[in-house]
Amino acid sequence: MREQDRVPPSPRRRLLKQALGGTLILVLGPKELAWGAQLVAVRVWPAQDYTRVTLESDTALNATFFAIDRPNRLVIDIEGLELSSQLKELVRKIRNDDPYIAGVRVGQYKPTIARLVIDLKQAIKPQVFGLPPVAAYQHRLVFDLYPGAPIDPRLALQTTPGTASPGAAPPSGPVTTSPQGGPASSPGSHPPVHSPATTTAQRSAEEAAEAMNDALGEFIGGLKRSVPEGDTRVAGGPAKVPERERPARTPEKSPERPDRNAVARNDRAEPEGPAPDGPATQRLVIIALDPGHGGEDPGAVGPSGLYEKNVVLAVAQKLRARINALPGMRAMLTRESDYFVPLHERVNKARRVQADLFVSIHADAFMNPEARGASVFALSETGATSAAARWMAKRENASDLVGGVNIKSKDAVVMRTLLDMSTTAQIKDSLKLGQAVLGHLGKVGRLHKPRVEQAGFAVLKAPDIPSILVETGFISNPEEESKLKDEGYQAELADALLAGIQRYFARNPPLARNRAL
């Protein structure tokens, strides 16, 4: 946020607050009647998953709220707050394409109470909570407007490969201050799979994909030979039946040959449903891509003002387009645009689509601007492999504090308990994946460490999904910041990540398996 967006308290106001210990203050003056809190910023973060409204103030705010239907509205009364220009600014920050908010009305309900009436486009489940000062933020009062029925992340896999999913936010981006020097790209847009700058790298990736598919075919073929006669299922999932073994069907009963990439017809997208009648399809290989930070949490900030959250989203979108262009593979994003997703919810989304891999994408930062190079991290059960890895895990795990998590949410508590059940097998596979990715990142640029580091990253704690965290470079280094904001270099990073993923699968073909959802 730019400094000019904040409204500093007047010297007289600061002195009075210090003298009276922050209690309710009445300032006699010709222009205003000031109460105990003053807004310094208002922000709106619209997204398909949910819309967040944040009021930042110099002291903590207390609020009560209730919902009204026919039409749907949310009424919020905020104590100790007067109607101000900052509060009125909230009205102008509501976009027409916001999925949940149709408009906002503000007024002075009582001398000491300001009232917000949020007109809604649909029924919502609101969460209202306060956040203490952290990082660059003062006190925050947060309104999270969730849909009445939760968004199923599997819907994102039922779109045409390479296109935006139904969960994508409007492409115009959030209503907030953009970073100085940051890229002027639309968070919801997707670059083409091929670009002149990466034709050679993409061709190499396609050749690796063909090798991976051959390995998968041989592996599944070997499993089919070990299955008893008449059983067409392999390792918990449907196997592709050879043409000569399929029973003959009359023309009037023969369905059209299903698209092998159609998610709705395979056990990966609908694990709880019965196997479809007729020829079975090989399941998709699903990759969960996790662009770090977002929304209230900008992540690291480069010397020119480039935000980490914008860089990693651009890389993830490019990587998704490349994965979706390959036969038999599909990618989903844990966040589609610039909004905050708690760490446990990122892992939860990956588990709900039964992802085969989880790749969290970040951009590093350090106090020394000369630090540079890409890194790959896996989870550790016993402790960090280095002081730097421990420091990095602590910084990334603090994302929930900056982004703003409702600690009273029951789902968050349940998921944190579940994610403590990490397994040795998961970590072993994560190290294999990390080493494959690290080798290809080294062909694009410098590596910070030649081996995969380990630490207690909360976002890597899915007990049944090989998971890595990739630091694409040091955004705090001026030279690497310049490269990270370049779309050509972002494309090279996406190609390297794809090649590493394909190398891992060529050596470790995925098995269909059932997981608790």
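Tutor: Start at Asn477. Its side chain reaches the backbone oxygen of Pro369 at 3.0 Å. Keep in mind that this is a predicted model.

Student: Where is Asn477 placed?

Tutor: Asn477 sits in the loop between E16 and helix H10 (478-484).

Student: Is Asn477 buried or exposed, and how do you know?

Tutor: Buried means under 20% relative accessible area. Asn477 has 2%, so it is buried. Leaving aside neighbours within four places in sequence, Asn477 is in contact with Pro369, Glu370, Ala371 and Arg372.

Student: What about Tyr100: buried or exposed?

Tutor: The relative accessible area of Tyr100 is 1%, so Tyr100 is buried. Tyr100 is in the loop between H2 and E5. Residues it touches include Gln48, Asp119, Leu120 and Pro147, with residues up to four places away in sequence not counted.

Student: Which backbone atom lies 2.5 Å from a polar atom of the Tyr100 side chain?

Tutor: The backbone oxygen of Gln48 does. Against the 3.5 Å limit, 2.5 Å passes.

Student: How far apart are Tyr100 and Tyr146 in sequence and in space?

Tutor: They are 46 residues apart in sequence and 8.3 Å apart in space, C-alpha to C-alpha.

Student: How do you know that E4 and E6 pair?

Tutor: Pairing needs at least two bridges. Strand E4 (residues 73-79) and strand E6 (residues 113-120) have seven, in the antiparallel sense. Therefore they pair. Arg73 stands opposite Asp119 in E6.

Student: What is the strand order in that open sheet?

Tutor: The order of the four strands is E3-E4-E6-E5, with antiparallel pairing.

Student: What makes E3 and E5 edge strands?

Tutor: Each pairs on one side only. Helix H2 (residues 85-92) packs on the sheet and touches E5 and E6.

Student: Why is strand E12 described as largely enclosed?

Tutor: Five of its five residues, 329-333, are buried, so the rest of the structure largely encloses E12. Met329, Ala331 and Leu333 point one way, while Arg330 and Met332 point the other way.

Student: How do you know that E11 pairs with E12?

Tutor: Five bridges join E11 (residues 285-291) to E12. Two would be enough, so they pair. The two strands run parallel. The chain crosses from E11 through helix H4 (residues 308-324) to E12, and this β-α-β crossover is right-handed.

Student: Which residues touch the most other members of the largest nonpolar core?

Tutor: Ile287, Ile323 and Leu441 do, in a core of 42 residues. H11 gives the most to this core, with nine residues.

Student: Why do nonpolar side chains end up buried together?

Tutor: They tend to do that in soluble globular proteins.

Key:
Residues numbered from 1 in each chain as written. Predicted model: local features only at pLDDT ≥ 70, side-chain atom pairs only at ≥ 80, totals over all residues. Heavy atoms only, no water. Contact = heavy atoms within 4.5 Å. Axes fitted to C-alpha atoms, helices over the stretch in contact; angles between N-to-C directions. Buried < 20%, exposed > 50% of the residue type's maximum accessible area, 1.4 Å probe, protein only. Right-handed = clockwise from strand over helix to strand, strands pointing away. Core = buried A, V, L, I, M, F, W, Y, C linked by side-chain atoms within 4.5 Å. Polar contact = N/O pair within 3.5 Å; in protein donor to acceptor, adjacent residues only side chain to side chain.
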